[in-house]
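Here are a few friendly notes to read alongside the structure. Please keep the 3D view open and find each residue as you go.

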Amino acid sequence: MSGDPQFRAPVKRLYRTRDDEMISGVCGGVARYFGVDPTLVRVGAVIALVFAFPATVIGYVLAWAIMPSA
């Protein structure tokens with residue numbers, strides 16, 4: 001009975017966070033979506049910034065513009 005609403009898995013949504021934001025809440029939202037510590041996502045973002053500066057900045061700005069705020 002996969003069509004029955006009580007057996008459906010909850011839908012995960014990707015939102016920018018307001019309570020765990022440093023700049024815009026993108027890293028906090030990604031961390032909450034994947035269930036990891038926001039500090040790990042921020043460290044990963046800084047490492048990506050060092051190795052792929054233009055792509056990381058463009059990706060962050062696009063995520064900031066596209067992701068809805070929670």
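1. Please begin with the lining of the largest pocket, whose residues divide into 10 nonpolar, four polar and one charged. Bear in mind that this is a predicted model.

2. The space inside the largest pocket comes to about 340 Å³.

3. Next, the salt bridges: a search of the whole structure finds three. One of them joins Arg18 to Glu21, with the closest N and O atoms 3.6 Å apart. Arg18 is partly exposed, at 48% relative accessibility, and Glu21 is partly exposed too, with a relative accessible area of 33%.

4. Another salt bridge pairs Asp19 with Arg32, and here the closest N and O atoms are 3.3 Å apart. This pair links distant parts of the chain, as Asp19 sits in the segment before H1 and Arg32 in helix H1, 13 residues apart. Are these two residues buried or exposed? Both Asp19 and Arg32 are exposed.

5. Finally, look at Asp20 and Arg42, whose side chains meet in a salt bridge at 3.3 Å, N to O. Asp20 belongs to the segment before H1 and Arg42 to helix H2, so this pair ties together parts that are 22 residues apart in sequence. Asp20 has a relative accessible area of 24%, which makes it partly exposed.

Terms used
Residues numbered from 1 in each chain as written. Predicted model: local features only at pLDDT ≥ 70, side-chain atom pairs only at ≥ 80, totals over all residues. Heavy atoms only, no water. 1 Å grid on protein atoms, 1.4 Å probe; cavity = no way out; pocket = protein on both sides within 12 Å on 5 of 7 lines; lining within 4 Å. Points joined across faces, edges and corners; volume = space filled by probe spheres on them. Nonpolar A, V, L, I, M, F, W, Y, C, P; charged D, E, K, R; others polar. Salt bridge = Lys/Arg side-chain N within 4 Å of Asp/Glu carboxyl O. Buried < 20%, exposed > 50% of the residue type's maximum accessible area, 1.4 Å probe, protein only. Helix = DSSP H or I, 4+ residues; strand = E, 2+ residues; numbered from the N terminus.
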